[in-house]
Amino acid sequence: MNGSENQMRHAKYSWALLALTAISLQAQDAISLSQQAHQAPDKDGVYYTGPEVTAPRLQSTISVPYPSEVPQKQIQGMTVLAMVIDANGIPQQIQVLHKHGETFDQAAISAIKQSVFEPGKLADKPVSVWIDVRVVFHSNRSQAVPEVLITERDLPLPDASKLEDKHHKPLAYTPPFPIHTVDADFADPFVSHPWVQVAIVSVLVGKDGLPKEVRVKRGLGFGLDEKAVAAVWRYRFFPATKKGQPIAARREVIVNFAKF
C-alpha cells in the first residue's frame, strides 16, 4: 500500500508486541510465554485474520452496474476497499485503497453497504476483522461482483521445536520469524506476467522485531520491486535469538503480490 493508505490503516500490532514481550524475558521463560501468547487486536479492538481468527465471508451482495453516466469510452479498472467487518457482520470504516474514479468508487461502496457478511471468529466468538474487497469494472461494461481479499494477516508464533533443542534448552541461534505479513500491490492489475509473481527480499530485522533495512534480492521489474520493498517495511517479526536473547539479524522473505 502507499503512504496515505498506510496512514488510513495504521494499527498497533499487539500480536507482535506479545511476541516481543516473550523474548524480552529470560530465555526459558521467553519460549514458554511465546507459546502462551494469543492473537490480539489492534488499538481499536480489530483483528487481522490469522492462526486463531477466521476471515469474514461474503454471504450475499448485489451486482455493481457499470455507471451509466460514464462516457461511452470503454474504461476498465477496479476499486479496492479496506473495511472492518464487525461482530454483527456489518461493514464499518470503509476506505478506498485503490481508486478508479469517484463514480466507480461510490458504486462499489454502495454495493458493500448492502452486502451481508458472516463475521470472522476467535474461538467461535464473532469479532471485528479487517478485510479488503475489490470490485472489477470491465471494458465491456458488464456488471461487477464484489470479492473479498485477504492481503494482510497474522502468522503463528514459532513453536518450541524452532526455539529449543530436545533437552528444552534455547538453541544457540534462531532466525527471525515473520508473524505479520502484507501482500504487495500489483503495478497493473490487468497485466498477466508469464512467471510466478513473487519477489525475494532481504530484510534486516532489529531486536524489536521491526524491519531496519530492506532490499530486493530477486526482483521482477515493471515497478513491482518497489512495491515488494514497501510491503516488507510493514512486516513484523519474532526477532532472531542468540542463546535465547534477541539480536538483530538478516533473513530473506518471499513476497506475494495481492491478486488485485
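Let's start at Arg250, a residue that is partly exposed in this predicted model, with a relative accessible area of 30%. Its side chain has a charged partner: Arg250 forms a salt bridge with Glu213, and the closest N and O atoms are 2.5 Å apart. Arg250 sits in strand E17 (residues 249–256) and Glu213 in strand E13 (residues 211–218), so this pair ties together parts that lie 37 residues apart in sequence. Glu213 counts as partly exposed too, at 33% relative accessibility.

Glu252 forms a salt bridge with Lys217, with 2.3 Å between the closest N and O atoms. How exposed are Glu252 and Lys217? Glu252 is partly exposed at 36% relative accessibility, whereas Lys217 is exposed, with a relative accessible area of 58%.

For a contrast in setting, turn to Glu152 and Arg234, both of which are buried. Their side chains meet in a salt bridge at 3.2 Å, N to O. Glu152 belongs to strand E9 (residues 152–154), while Arg234 lies in the loop between helix H6 (224–232) and strand E14 (236–238), so the pair ties together parts that are 82 residues apart in sequence.

These pairs are among the nine salt bridges that the structure holds.

Technical notes
Residues are numbered from 1 along each chain as its sequence is written. This is a predicted model: local features need pLDDT of at least 70, side-chain atom pairs count only at pLDDT 80 or more; totals for chains, interfaces and linings use all residues. Side-chain values use heavy atoms; hydrogens and water are left out. A salt bridge is a side-chain nitrogen of Lys or Arg within 4 Å of a carboxyl oxygen of Asp or Glu. Helices (H or I, at least four residues) and strands (E, at least two) are DSSP runs, numbered from the N terminus. Buried means under 20% relative accessible area, exposed over 50%, partly exposed in between (1.4 Å probe, protein chains only).
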